[in-house]
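User: I am new to reading protein models. Can you walk me through a few features?

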Amino acid sequence: MNQQEVSTVDVSLGERSYSVVVGRNLFLEVDRYISSRYEKVAVITQAEIPWSLRLSVDSEVFTVPKDERAKSLRVVDEISSKLALFGLKRNHLIVALGGGVVTDLGGFVASTYYRGTDYINVATTLLGMVDAAVGGKTAVNLKQGKNLVGSFWQPKAVFCDLNTLETLPENQRRSGYGEMAKYSFLSPNTLEGLTLLDQVARCIEIKAEYVANDEREGGRRALLNYGHTLGHAVEAQGFERASDEQITHGEAVAVGIYFAGKLAFKMGRIDELRLDEHRKVLHSYGLDHRLPVWVDRDSLLEYMKRDKKSMGTLTFVLDGRDGLEVVRDVEESTVKEVLYEL
Ligand SMILES: NC(=O)c1ccc[n+]([C@@H]2O[C@H](COP(=O)([O-])OP(=O)(O)OC[C@H]3O[C@@H](n4cnc5c(N)ncnc54)[C@H](O)[C@@H]3O)[C@@H](O)[C@H]2O)c1
């Protein structure tokens with residue numbers, strides 16, 4: 001393999017450190033990594049993902065539902081029982097092969113199975129590569145909210161094979177772009193003009209730095225949620241819509257990024273030029289900065305008040321002269337005004 005086709009980013013967390021390998025044709029490398037360390041492997045994936053690993057050790061594939069329904073305690077129960085029947089032990093390995101749904105679920109199962117089993121992520125979506133597969137946040141959903149039950153459990157390695165993106169539906173690609181656009185506001189170095197491989201590796205580098213400095217999101221790591229407060233609210237309303245109207249996570253984050261920019265502008269934290277930069281970055285990724293026509297703005301506001309990071313007040317990650325920061329107690333009337341202007 002050509003050396004230049006691979007980029008490796010280290011996530012530095014002491015004894016929990018690991019590498020994220022970004023490149024093409026990586027599946028052989030995944031097998032080499034696994035077979036030199038583990039004797040038995042459980043691969044968690046989805047039937048709809050047209051990619052599979054050929055492993056030279058004892059392995060079995062376990063499929064889970066194709067959407068957020070996979071991130072449930074019921075599926076954790078089912079999969080864990082199947083792992084036990086397969087004879088998977090603490091010194092064996094779980095592989096999560098898929099997008100964020102699979103890596104969130106697989107990571108959570110790994111964190112509880114035998115009180116903690118090794119796992120690796122083989123990310124197959126752009127969003128998974130630049131975000132979900134890296135950083136060790138794992139979770140499943142409850143009826144009462146998304147990602148309410150979870151753990152911090154770092155993978156032993158992450159592989160991002162860009163070939164897998166060839167089969168990714170266009171809206172899922174845009175979803176990844178939404179998260180990539182976010183990184184443009186977290187780092188002064190632009191991603192413009194870089195190859196896809198370098199852009200993905202750069203996003204992971206930025207994320208790795210935040211994770212290394214604040215593994216359990218006690219402070220700075222929260223800035224990775226830029227655009228997510230409104231993004232989550234829009235995404236949640238989207239779940240109620242017909243499938244052709246649904247909006248992906250990253251597309252919702254894109255709207256949330258522009259909203260956060262406009263809110264910062266309204267609060268005098270940034271000038272018009274910087275706000276315009278928000279729009280331009282989103283458009284450069286082919287993303288819409290406007291709210292979908294079907295949203296109910298009053299419900300968005302209520303949802304944002306309940307955001308689990310808000311702690312009762314309207315809290316946002318906002319841009320400012322010194323970059324992004326968490327801003328608490330934002331006036332409800334200002335938020336409402338911006339929502340209705342959007
Ligand atoms: N843990 C974290 O830090 C973190 C960060 C961001 C998002 N997330 C979570 O990630 C999830 C979203 O992940 P996602 O955007 O990757 O979506 P996803 O995992 O739901 O995948 C999107 C769809 O694409 C399909 N798919 C996956 N790879 C494919 C491929 N290569 N070719 C064709 N189809 C493919 C999947 O089956 C699915 O239907 C959410 O649950 C979110 O909460 C977690």
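Analyst: We will take a strand, a helix residue and a ligand shell in turn. This is a predicted model: local features need pLDDT of at least 70, side-chain atom pairs count only at pLDDT 80 or more, and totals for chains, interfaces and linings use all residues. Residues are numbered from 1 along each chain as its sequence is written.

User: How many residues of strand β3 are buried?

Analyst: A residue is buried if 20 or more other C-beta atoms lie within 10 Å of its own, exposed if 12 or fewer, and partly exposed in between; C-beta atoms are placed from the backbone. Strands (E, at least two residues) and helices (H or I, at least four) are DSSP runs, numbered from the N terminus. In β3 (residues 40–45), 5 of the 6 residues are buried.

User: Which strand does β3 join through 6 bridges?

Analyst: Two strands pair if DSSP finds at least two bridges between them. β3 runs parallel to β4 (residues 58–63), joined by 6 bridges. There, K40 faces D58. β3 also pairs with β5 (residues 93–98), parallel, over 4 bridges. V43 stands opposite V95 in that strand.

User: Why is V75 called partly exposed?

Analyst: V75 sits in helix α2 (residues 73–86). V75 is partly exposed because 19 other C-beta atoms lie within 10 Å.

User: How many residues surround the ligand?

Analyst: A residue is near a molecule if its C-beta atom, placed from the backbone, lies within 6 Å of it. Here 30 residues surround the ligand, and the closest are G99, G100, V101, T125 and A132. Elements giving two or more residues to this shell are α3 (100–112), α4 (126–132) and α5 (170–183).
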